[in-house]
Amino acid sequence: MVNIDQLSLARQLDLVFKELDKELSGLDSGVVFVQIRNNVIGKFGIRHNPITGRNGQMEAEDQGLTGSQRSSFRAMALETLKFKQNWTHGEISYDFTVRQGVILVDATMESNYNMANLMIRYPRTNTYKDSGMESTS
């Protein structure tokens, strides 16, 4: 059995879209999100509200993304990984909607850093002492 951390991030994202394929086939808008830690996708899913209210009536959407729209969405999501630089923790959100039969996708990348990791990498120095100024606290 292959560990998830042995797969490239692109391959993991491909697996996410395969897992979400059926759900995406019933939606025409929403946000797909993937949470990344150490370049491994952990939590992922879709934020959406499939029930639309019009004229006092609540109705589910009639149709979702077509096969070719889902394929285009997946390709665009994989393409966004080229813009991910120098971070290993964070979240990528793909806001999608269909307009006039064309899928539109906006990607948002959020990098996360941990101060505790920085404290390990950088030696501790007394900044005030090194500059000739003493701390007043």
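Select Ile41 first: its relative accessibility is 11%, so Ile41 counts as buried. The model on screen is a predicted one. Ile41 sits in strand β2, which covers residues 40-47.

Next, show what surrounds this residue. Beyond its neighbours within four places in sequence, Ile41 is in contact with Leu9, Gln12, Leu13 and Val16, and also with Val34, Gln35 and Ile36. Glu91 is 50 residues from Ile41 in sequence, while the C-alpha atoms of the two are 9.0 Å apart in space.

**The nonpolar core**

Now select Leu13, Phe17, Leu24, Val32, Phe73, Tyr94 and Phe96. Within the largest nonpolar core, which has 22 residues, these touch the most other members. Colour by element to see where the core comes from: α1 (9-24), β1 (29-37), β2, α2 (67-80), β5 (90-99) and β6 (102-111) each give two or more residues to it. Which element gives the most to this core? It is α1, with six residues. As background, nonpolar side chains in soluble globular proteins tend to be buried together.

Centre the view on Val32. Leaving aside neighbours within four places in sequence, Val32 is in contact with Phe17, Leu20 and Leu24, with Gly45 and Ile46, with Phe73, and with Ile92, Ser93, Tyr94 and Phe96.

Switch to the charged side chains. Side chains of opposite charge can pair when their charged atoms come close.

Arg11 counts as partly exposed because its relative accessibility is 36%, whereas Asp14, at 9%, counts as buried.

The side chains of Asp14 and Lys18 form a salt bridge at 3.6 Å, N to O. The two are about one helical turn from each other because they are four residues apart in helix α1. With a relative accessibility of 53%, Lys18 counts as exposed.

Move on to Asp21 and Arg70, which meet in a salt bridge at 2.8 Å, N to O. Asp21 lies in helix α1 and Arg70 in helix α2, so this pair ties together parts that are 49 residues apart in sequence. Is Asp21 buried, partly exposed or exposed? At 31% relative accessibility, Asp21 counts as partly exposed. Arg70 is buried, its relative accessible area being 17%.

**The largest pocket**

For the last stop, display the largest pocket, with a volume of about 240 Å³. Its lining can be selected in groups: Arg37 and Asn38; Asn86, Trp87, Thr88 and His89; Asn112, Tyr113 and Asn114; and Asn117, Leu118 and Arg121. Helix α3, residues 115-121, gives the most to this lining, with three residues. Coloured by class, the lining shows seven polar, three nonpolar and two charged residues.

Methods:
Residues are numbered from 1 along each chain as its sequence is written. This is a predicted model: local features need pLDDT of at least 70, side-chain atom pairs count only at pLDDT 80 or more; totals for chains, interfaces and linings use all residues. Side-chain values use heavy atoms; hydrogens and water are left out. Buried means under 20% relative accessible area, exposed over 50%, partly exposed in between (1.4 Å probe, protein chains only). Contact means heavy atoms within 4.5 Å. A nonpolar core is a set of buried Ala, Val, Leu, Ile, Met, Phe, Trp, Tyr and Cys residues joined through side-chain atoms within 4.5 Å. A salt bridge is a side-chain nitrogen of Lys or Arg within 4 Å of a carboxyl oxygen of Asp or Glu. On a 1 Å grid over the protein atoms alone, a cavity is a set of points where a 1.4 Å probe fits but cannot get out, and a pocket is an open set with protein on both sides within 12 Å along at least five of seven lines; lining residues have an atom within 4 Å of a point. Grid points are joined across faces, edges and corners, and a volume is the space filled by probe spheres set on the points. Ala, Val, Leu, Ile, Met, Phe, Trp, Tyr, Cys and Pro count as nonpolar, Asp, Glu, Lys and Arg as charged, and the others, Gly among them, as polar.
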